Amino acid sequence: MIFGVYCIEDLKSGFLTPTIEINDNVARRNFEHAIMSGGNVMFTHQEDFRLMKLGEFDSDTGRLAPAELIAIVCDGKDVLL
């Protein structure tokens, strides 16, 4: 199965640890949940964070394929509107 490889970018410090999700919608939902949970820096400074898609992972072959262009899946500043 092909999974997406995602990473939260902190515009103040760089990229956080990558995660693997089944698709963009699940990755977006998890990112939005992390921001809306409150009591954390992502909640208080959501404009500093965005979810990026770095590539794909094939669970059948173990192959990791980087994206030609890293894409913004969701911008933190748009989550709490």
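Predicted model: local features only at pLDDT ≥ 70, side-chain atom pairs only at ≥ 80, totals over all residues.
**Entry 1, Thr19.** I looked up Thr19 and found it in strand 3, which spans residues 19-21. Its relative accessible area is 39%, so I put Thr19 down as partly exposed. Leaving out residues up to four places away in sequence, I noted that Thr19 touches Gly4, Val5 and Tyr6. I also looked up Phe31, 12 residues from Thr19 along the chain; the two C-alpha atoms are separated by 11 Å.

I searched for disulfides and the count came to zero. For Cys7, the closest cysteine sulfur belongs to Cys74 and is 14 Å away, which is too far for a bond because a disulfide needs the sulfur atoms within 2.5 Å. Cys7 is buried, at 3% relative accessibility. Cys74 is buried too, at 9%.

I searched the whole structure and found four salt bridges. I wrote up three of them, starting with Lys12 and Asp48, whose closest N and O atoms are 3.5 Å apart. Lys12 lies in the loop between strand 1 and strand 2, and Asp48 in the loop between helix 2 and strand 4, so this pair ties together parts 36 residues apart in sequence. Lys12 is exposed at 67%, whereas Asp48 is buried at 12%.

Next I took Lys53 and Asp24, with closest N and O atoms 3.4 Å apart. Lys53 is in strand 4 and Asp24 in helix 1, so the pair ties together parts 29 residues apart in sequence. Asp24 is partly exposed at 30%.

Last I noted Asp75 and Lys77, at 3.9 Å between the closest N and O atoms. Asp75 is buried at 18%, and Lys77 is partly exposed at 47%.

How values were computed. Residues numbered from 1 in each chain as written. Heavy atoms only, no water. Helix = DSSP H or I, 4+ residues; strand = E, 2+ residues; numbered from the N terminus. Buried < 20%, exposed > 50% of the residue type's maximum accessible area, 1.4 Å probe, protein only. Contact = heavy atoms within 4.5 Å. Salt bridge = Lys/Arg side-chain N within 4 Å of Asp/Glu carboxyl O.
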